[in-house]
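Visitor: Please take a close look at the aromatic ring pairs in this protein. I would like one connected account of them.

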Amino acid sequence: ETQPLVTHTSNGWIKPRYPRGIFLFSILFGLFFIIKAKKKGSKLLLSLGFIYIFAALVYTGDIIDFLTILLTDTNFNYPEMICLINWMWFPCAILCAMYIGSLLLTPEKKWYMMSIYIVLSIIFELFLFIGRYNSYSWEPLPSPEGSDIINDSLITGSVVWILGLIFLFSIFIFLGLGLLIKGIQSSGVLRRNFFLISTGAIIYILGAIFDGLFLPGIHLIFVRTAMALSAWFFYFGLKT
């Protein structure tokens with residue numbers, strides 16, 4: 001009997017089990033923002049575009065497994081490669097997000113802040129590739145093979161899991177709460193822009209958490225719609 005797609009794993013961090021829509025959505029929005037950034041000469045929009053591109057690449061391994069199933073009716077034979085291909089892009093998205101946050105909140109100290117997160121990202125990558133099986137895991141291949149995509153996760157309590165938590169918490173603090181406070185202290189167009197970016201960050205992060213932690217259901221329609229709308233909050237907040 002074919003098993004339904006699920007979102008929970010036995011180890012730790014998880015990702016939504018329907019990667020195609022998220023992958024396509026992130027790529028399209030990322031390219032849109034990059035094109036707009038080139039026309040406007042905006043570093044902020046360019047960074048936003050790369051955030052969505054890298055967010056899409058986090059699902060590259062899932063897409064490879066999905067295409068392998070379509071072509072061969074079996075899963076990709078190297079699940080550990082899926083883990084590495086997926087999670088290696090995660091720090092890249094975080095660095096782009098923190099660049100936006102540092103540029104808006106502490107522009108005079110942005111490279112001090114960026115240096116910290118670059119070092120943390122390097123540590124993340126080192127433990128991901130060198131630590132290997134102590135950093136990530138995957139569920140047993142589905143039975144019958146090819147009936148589901150391989151589900152991978154970062155192991156709870158591992159160095160990469162802890163760093164991932166720090167990364168997400170940092171984005172929530174800087175882009176979410178930090179810009180919310182900045183907006184309250186500002187006025188006019190600047191106030192509006194800070195509120196828009198803050199709203200986009202909070203919606204996207206909370207949406208990603210809900211998308212990954214709960215079983216598929218009608219609620220995911222609203223969650224993913226909200227995540228799609230968050231891109232426009234970012235765009236209108238950063239375009240001027």
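Guide: Rings of Phe, Tyr and Trp (its six-membered ring) count as a pair if their centres lie within 6.5 Å; planes under 30 degrees apart are called stacked, over 60 edge-to-face, and the rest tilted. This is a predicted model, in which local features need pLDDT of at least 70 and side-chain atom pairs count only at pLDDT 80 or more, while totals for chains, interfaces and linings use all residues. Residues are numbered from 1 along each chain as its sequence is written, and side-chain values use heavy atoms, with hydrogens and water left out.

Under the ring rule, the protein has 24 aromatic pairs. In one of them, the ring centres of Trp232 and Tyr235 are 5.9 Å apart and the planes stand at 85°, so this pair is edge-to-face. Trp232 and Tyr235 lie three residues apart in helix H9 (residues 219-238), and about one helical turn separates them. Helices here are DSSP runs of H or I with at least four residues, and strands are runs of E with at least two, numbered from the N terminus.

Burial is read from relative accessible area: under 20% is buried, over 50% exposed, and in between partly exposed (1.4 Å probe, protein chains only). Trp232 is partly exposed at 32%, whereas Tyr235 is buried at 6%.

Both residues belong to a cluster linked by ring pairs, which also includes Phe25, Phe29, Phe32, Phe33, Tyr52, Tyr204 and Phe236.

Another pair is formed by Trp87 and Phe90: their ring centres are 5.9 Å apart with planes at 85°, so it is edge-to-face. Trp87 and Phe90 are both buried.
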